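Here is a brief report on a two-chain model. Keep the sequence and the structure open while reading.

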Amino acid sequence: MNILALIVGLLSAGVIAAFSERVHKHAPRWISLIAFVVALIYTTSAWLDAGSGAEEYARQVFPWIPRFGIQVYLVLDGLSLMLVALTAFLGIVAVVSSWSEISERHGFFQFNILWVMAGVVGVFSAFDLFLFFFFWEVMLIPMYFLIAIWGHENRGYAATKFFLFTQISGLLMLFAILSLVYFNYDATGVVTFDYFELRSVPLDPGVAWWLMLGFFVAFITKLPSVPVHTWLPDAHTQAPTAGSVILAGILLKTGGYGVIRFAVGLFPEASQDFASVGMLLGALSILYGGYMAYSQSDFKRLVAYSSVAHMGFILLGVYAFNEIAMQGAVITMVAHGFSTAALFMLAGALQQRLHTREMSKMGGLWVRAPRMGAMTLFFVVASVGMPGLGNFVGEFLALLGAFQTHVPLTVAAAIGIVVAAVYGLSLMQRAFQGAPNPDVGEIEDFGVREMTVMILMMVGLVWLGVYPQPVLNLSAPFITSLGVAGL
Amino acid sequence: MSLAWANAVMPHLVLTAGLMLLLLVVAFRRSHALAMASTVLILVVAGVLIPQSHAAGSSDVLGMMRVDGYAQFFTGLFLFAAIVTVLISFRYLDRRASNCEEFYMLILTATLGAMVMAAASHFATLILGLEILSISLYAMICYPQEGKLPLEAAAKYLVLSGVASTTMLFGIALIYAASGSLSFSALGQPIDNQGENYYWLGQGMLVVGLAFKLSLVPFHMWTPDVYQGAPAPVTGFLATVSKGAVFVVLLRYIVMSDALSNSSVVVGISVIAMVSMVVGNLLALLEKNIKRILAFSSIAHVGYLLIALLVVGALDDPGIARETTMVYLAGYFLMTLAAFGVISALSISAGSQDNEQLADYEGLFWRHPVLAAVLTTAALSLAGIPLTMGFIAKFYLFAAGVQGALWILLWALVIGSAIGIYYYLRIVFTMTRSESSDAPATASDVPMETVVTAGVLGVAVILFGVYPTPLIELVRSLIGTFGA
């Protein structure tokens, strides 16, 4: 599989989409849709060809800036492949969810979506730290534009806050990357940003701890975890539907991916020392996110805070430092990608129809739009952690693994699942159940287009919930290479 | 006496001869277009001759100038900036001044001064170059006849720049009194105890004088007013060529005279650097005028660049400092000129003041997408976001700073950049806002050549940001020929 072609393909589709607006107003969204479908087929065919459990699916290396030993070093191992496939799939969801929402500047809108996704694919496949940082920032700018141009009433504030948080934490990571490269240069006399080379740098434990922290802060800001999560509710709420889908579905996962691949992958010992802090932050996020979600009256804000809670499971799982918990974290990333993308899509559809996100102005919507109600129920239940669906598998495995290392924190985190049921059902109750709100007139229910992607996501969640083994096999080789405790 | 050195200074000689030629052209036929075209031609010819004089190897010109790869790189860069300035000034001046032709002579003399500074290895050439540059700039700043702001800016610049020059001259006199030499290379020698105090006092005054010209905090007060008052193309020239030339000569001086062997000089420059990064960025937050924002941003940028200077003291090999400076300034030139190109383009039909308020840029994305894209690129590049040249430049500084173990300065760089992102982003955000009804209608009469120039600069910023290898290789090949 040619990863560079995939990235360049998405980038050029973006440029074509931007200009195709001159041909026809709706040409950009078709181009975007086709690009993501092709990307998804391309990625899954690579998976099917090699099967689960392969060491890696693709590898490409070219020199880029020889002065600093920087290479275009792209590798797809199972973990990367899974997330790249998720990216392509959520690209389709994002395009469909904004199919009729955007009323102006269609070309530039699709351009930004395609460029964010290209950046995300790069983040998941870059094994040169410079290249990784490059993509990390590349996905930021189009996302900023998505919020700043097509966002809702308070978009300027939200977009700027999002950018500042990510960018400043990114600077810390850049600092850490360069220091790591320098210490490697000191020890070996070679300047390189190669991930595999840098994994074996002999570091003083104190130095390693600080460098790990630089990466860690950048990733938990993106994830996000308490206490650096405050950009997320604003960004999610103000973003257009496609923006929220991308943000929650895939951009947050780059943080989780970074923690596993880089913070833990590059500094296993330092991370081990740091494990209790990581788990604590995870448990705090779960409880605090759940608590805040319950107190919201805004549909999107509620889902946004629930994301903070779910992302807590990723931190908890990764820093439990055993195979089963890490697998749980990975499954949570994928399952949360589906369930939250679906919920944001529903939130966006409701806002488009009712022109509000306030749940007090909804109520009894099931009668008006039964298909939307049913979908909301399914994804709320999935997000709550109903057995048989993907989120349950992820959270269960994370808790199971965490229980072996830290019982009190695991107990606290498990309470979070109860909280999730409370806010999830209250969302359902306030928006769709009860007496129909007299101010709400007829609304249009989901059509074929929306239902198709909804059903696809449902299938994904059921599959993850019933038979997660192929996905577990995908991420197993990398997790084993971290040298964490087995089952 | 052999005239072999003449080959080395061929670009300087061409520029001098061209100046005479332009004088004659203007005397015979007053035509703005003709004067502009001849100026571009002269600058291009001077630039084309650089490779040829480079092939002859680096040489010492009469003990006053050292023409080496480092000097030649900046000679080329200054000529490039001058060409850009000419192109973006043409229509701008056409609408404002009745006699535009002499403006181009000023650009030529200013560029000549900067080129002399790039090669200066003796205090006499340093002062000569600096004064040629500064005196031309006074006139350029107040060239448009209307409006009080340009006059105010020129007067301010004249007075403060004069003070800086005299401070420097006094410092040089003290250095001369203590060391008996005016050549940079002779200064590294030990001084007897009696003269030592004078010597270091002189060094201090010299640094202060140059810091004035570089508008480093706390000598930065003039910068925002002068940037605001000067016509946009001239501000671009001032921000790039004038500052660049002073920094280039400062680095050469520091390397050759070994001034960083004194720890109080190191501490002094480090403090100035850190304060400039932080204060420059903080003050920019308060501004709503894009020229003033860029003024404060330039203060911060020169502060960042001082890291490259301090690396000289931390490492034995000054090559890294030179390489960093060359890459950084190349990037800084491109993005700053791109930003001022856009401002000039949008201010063509403005009155006595340029269109420089942030509000003037509302909805620019929808009014003039090309210019908005260029300004976005420039702003993101100044903020140091990847995909742009500004990131490569900042990356170089980081790499150099890490190698020199200048941790505190690097933290200041991180903090400064973090603050900076906010105001650069505000420029971008303003442009994405939907158009306000009272925005100046500019889309119709934006001159083509300014748009093309700015567009080329914007593309170059991205191109070198994505694939900087050619530039890095050029810089490294030139450093190899540095005369020790």
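This is a predicted model: local features need pLDDT of at least 70, side-chain atom pairs count only at pLDDT 80 or more; totals for chains, interfaces and linings use all residues.

Leaving aside residues up to four places away in sequence, M117(B) touches L126(B), G129(B), L130(B), L133(B), A245(B), V248(B) and V249(B).

## Confidence

The model scores ipTM 0.86 and pTM 0.90. Values for chain B follow.

| Part of chain B | Mean pLDDT |
|---|---|
| Chain B | 88 |
| Helix α1 (residues 4–8) of chain B | 79 |
| Helix α5 (residues 101–119) of chain B | 94 |

Within chain B, confidence is lowest in helix α1 of chain B and highest in helix α5 of chain B. A pLDDT of 70 or more is reached by 95% of the residues of chain B.

## Where the chains meet

How many residues of chain B are in contact with chain A? There are 20, and they contact 25 residues of chain A. On the chain B side, the elements giving two or more residues are α16 (389–403), α17 (407–432) and α19 (469–479) of chain B. The largest share, nine residues, comes from α17(B). By type, this side of chain B divides into 16 nonpolar residues, four polar and no charged.

## Chain A

Chain A contains 20 helices and two strands. Its radius of gyration is 21 Å, close to the 23 Å that the globule rule gives for 487 residues, so chain A is as compact as a globular protein of that length. The C-alpha trace of chain A spans about 75 × 60 × 45 Å along its principal axes. Of the 487 residues of chain A, 62% count as buried. Among contacts in chain A with a separation of 6 or more, 80% join residues 24 or more positions apart.

Helix α3 (residues 78–97) of chain A has 20 residues. From first C-alpha to last, this helix reaches 28 Å, close to the 28 Å expected at 1.5 Å a residue. α3(A) is mostly covered, with 20 of its 20 residues buried.

F378(A) sits in helix α16 (residues 370–384) of chain A. Why does F378(A) count as buried? Because F378(A) has 20 C-beta neighbours inside 10 Å, and 20 or more is the cut-off for a buried residue. F378(A) and A342(A) are 36 residues apart in sequence, and their C-alpha atoms are 9.8 Å apart in space.

Key. Residues are numbered from 1 along each chain as its sequence is written. Chains are lettered from A and ligands numbered from 1 in the order in which they are written. pLDDT is the predictor's confidence in each residue, from 0 to 100. Helices (H or I, at least four residues) and strands (E, at least two) are DSSP runs, numbered from the N terminus. Two residues are in contact if their C-beta atoms, placed from the backbone, lie within 7 Å. Ala, Val, Leu, Ile, Met, Phe, Trp, Tyr, Cys and Pro count as nonpolar, Asp, Glu, Lys and Arg as charged, and the others, Gly among them, as polar. A residue is buried if 20 or more other C-beta atoms lie within 10 Å of its own, exposed if 12 or fewer, and partly exposed in between; C-beta atoms are placed from the backbone. The expected span of a helix is 1.5 Å times one less than its number of residues. The radius of gyration is taken over C-alpha atoms; the globule rule is 2.2 Å times the number of residues to the power 0.38.
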